[in-house]
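Here is a short tour of a protein model, written to be read with the structure open beside it.

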Amino acid sequence: MYLLEARGDRSPSTPADQRLREATLPPRRFDGAELRAARRRADLTQKQVAKSLGLSAHVAVARWEKEERFPPAEKMVGLAAILSVDVDELFPREGPCDLVDLRCDAGYTQRAAADEVEGLTKYILGDAEGGRRRLKPHLIEPLSRLYGVDPDALEAAEDRSFGMTVPPPAPPRPPGLAEKLNALVHKTFRDDPTPEMLADAVNARTGTRLTAAHVEALLAGVSVADVFTDGTAEVALAGLAAFFDVPRLALENRAGVELRVLSDLQYLAAHHGIALTVRGGDGGVSSEMLAVLKDLVSRTPG
């Protein structure tokens with residue numbers, strides 16, 4: 001693990017320097033030509049960029065653009081902001097953050113960060129970033145607040161600084177039918193109705209034939225196929241959607257919704273005799289299909 005001073009502003013020239021360059025590049029990808037293009041799009045001179053960064057001369061910016069040197073990692077966020085470009089677009093990140101990354105993204109040198117946290121020194125922070133000695137527990141909260149992250153994120157970054165592999169968080173599980181129905185019930189009724197009361201209310205308004213047992217099973221998470229073994233699932237779910245005034249698709253899982261929407265789009269394309277996609281799907285939705293959708297949306301009430 002390299003500290004900020006080892007990561008930034010290197011000047012590669014010999015093969016050994018080139019190897020050093022590859023080892024010490026910051027964890028964000030840097031492209032001098034892209035930096036120059038972004039500066040020109042922002043209609044700024046190298047001198048203006050340097051002044052905005054607090055640099056005494058524009059030569060540093062010129063060297064960055066030629067990739068003779070690399071900008072200090074703690075200046076990358078500020079540099080992207082000056083050029084009105086998202087930092088993750090101008091300098092894409094390579095992998096998850098460690099302690100150095102968090103500090104640099106917050107725009108601090110080691111010394112500046114240490115000066116902001118009571119009891120923290122540059123050497124203590126350097127030891128933690130270098131994977132030599134962990135931060136004391138009382139430093140976690142104030143340092144995470146300085147970096148604008150929660151303490152758990154800071155501790156995970158510290159683990160990475162010590163070479164520990166931290167598995168990425170699992171993507172949130174989309175809500176199932178039971179969760180959706182329970183949320184709709186709580187939103188619609190002041191007091192939670194019994195399954196019998198809810199079944200009677202839905203039947204009275206929509207003409208379905210739900211039973212208390214059906215409702216109780218659905219709210220408990222029993223699969224639709226197991227609840228409606230007589231083939232009436234679609235009618236029942238349509239009645240529930242109508243009762244709660246939500247689209248029928250709102251009660252399906254995301255994958256089911258996407259497949260149905262895609263099937264409907266394919267039907268529309270075939271009905272109008274047009275291609276759904278451009279270049280066999282590589283170029284996105286065809287202009288003819290977009291025109292059909294635009295027309296449909298314009299004629300839809302509300």
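## Helices and overall fold

Helices (H or I, at least four residues) and strands (E, at least two) are DSSP runs, numbered from the N terminus. With that rule, Gly78 falls in helix H6, residues 76–82. The protein as a whole has 19 helices and zero strands.

The model is predicted, so to speak of a local feature we ask for pLDDT of at least 70, and side-chain atom pairs count only at pLDDT 80 or more, while totals for chains, interfaces and linings use all residues. Residues are numbered from 1 along each chain as its sequence is written, and side-chain values use heavy atoms, with hydrogens and water left out.

Of the 302 residues, 34% count as buried; here buried means under 20% relative accessible area, exposed over 50%, and partly exposed in between (1.4 Å probe, protein chains only). A contact means heavy atoms within 4.5 Å. Among contacts with a separation of 6 or more, 55% join residues 24 or more positions apart.

## The largest nonpolar core

A nonpolar core is a set of buried Ala, Val, Leu, Ile, Met, Phe, Trp, Tyr and Cys residues joined through side-chain atoms within 4.5 Å. Which members of the largest core touch the most other members? They are Leu210, Leu240 and Phe244, out of 21 residues. At least two core residues come from each of helix H13 (177–188), helix H14 (195–206), helix H15 (212–219) and helix H17 (233–244). H17 gives the largest share, seven residues.

Leaving out residues up to four places away in sequence, Phe244 touches Leu181, Leu184, Val185, Thr188, Phe189 and Leu198.

Rolling a probe the size of a water molecule over the atoms shows where empty space is left. On a 1 Å grid over the protein atoms alone, a cavity is a set of points where a 1.4 Å probe fits but cannot get out, and its lining residues have an atom within 4 Å of a point. Grid points are joined across faces, edges and corners, and a volume is the space filled by probe spheres set on the points. The count comes to two cavities of 30 Å³ or more.

The second largest cavity has a volume of about 40 Å³. Its lining is made of Leu181, Val185, Leu198, Val215, Leu218, Leu219, Leu240 and Phe244. H13, H15 and H17 are the elements that give two or more residues to this lining, and H15 has the largest share with three. By type, the lining has eight nonpolar residues, no polar and no charged, where Ala, Val, Leu, Ile, Met, Phe, Trp, Tyr, Cys and Pro count as nonpolar, Asp, Glu, Lys and Arg as charged, and the others, Gly among them, as polar.

## Cysteines

A disulfide is a covalent bond between the sulfur atoms of two cysteines. The test used here is a pair of cysteine sulfur atoms within 2.5 Å, and a search of the whole structure finds zero disulfides.

Cys97 is in no disulfide, and the nearest cysteine sulfur, that of Cys104, is 9.9 Å away. Seen from Cys104, the closest cysteine sulfur is that of Cys97, too far for a bond. Cys97 is buried at 17% relative accessible area, and Cys104 is buried at 3%.

## Two aspartates with positive phi

Asp43 is not a glycine, yet has a positive phi of about 60 degrees. Asp43 sits in the loop between helix H3 (32–41) and helix H4 (46–52), and is exposed at 68% relative accessible area.

Asp245 also has a positive phi, near 60 degrees. The loop that holds Asp245 runs between H17 and helix H18 (254–272), and Asp245 is exposed at 70%.

Gly78 is partly exposed, with a relative accessible area of 31%. Gly78 and Ser52 are 26 residues apart in sequence, with 8.9 Å from C-alpha to C-alpha. Asp31, in the loop between helix H2 (15–24) and H3, is partly exposed at 38%. Between the C-alpha atoms of Asp31 and Leu90 there are 8.2 Å, and along the chain these residues are 59 residues apart.

Lys122 belongs to helix H10, residues 122–129, and is partly exposed at 28% relative accessibility. Apart from neighbours within four places in sequence, Lys122 contacts Gln110, Arg111 and Ala114. The C-alpha atoms of Lys122 and Arg111 are 5.1 Å apart, and the two are 11 residues apart in sequence.

How values were computed: 1 Å grid on protein atoms, 1.4 Å probe; cavity = no way out; pocket = protein on both sides within 12 Å on 5 of 7 lines; lining within 4 Å.
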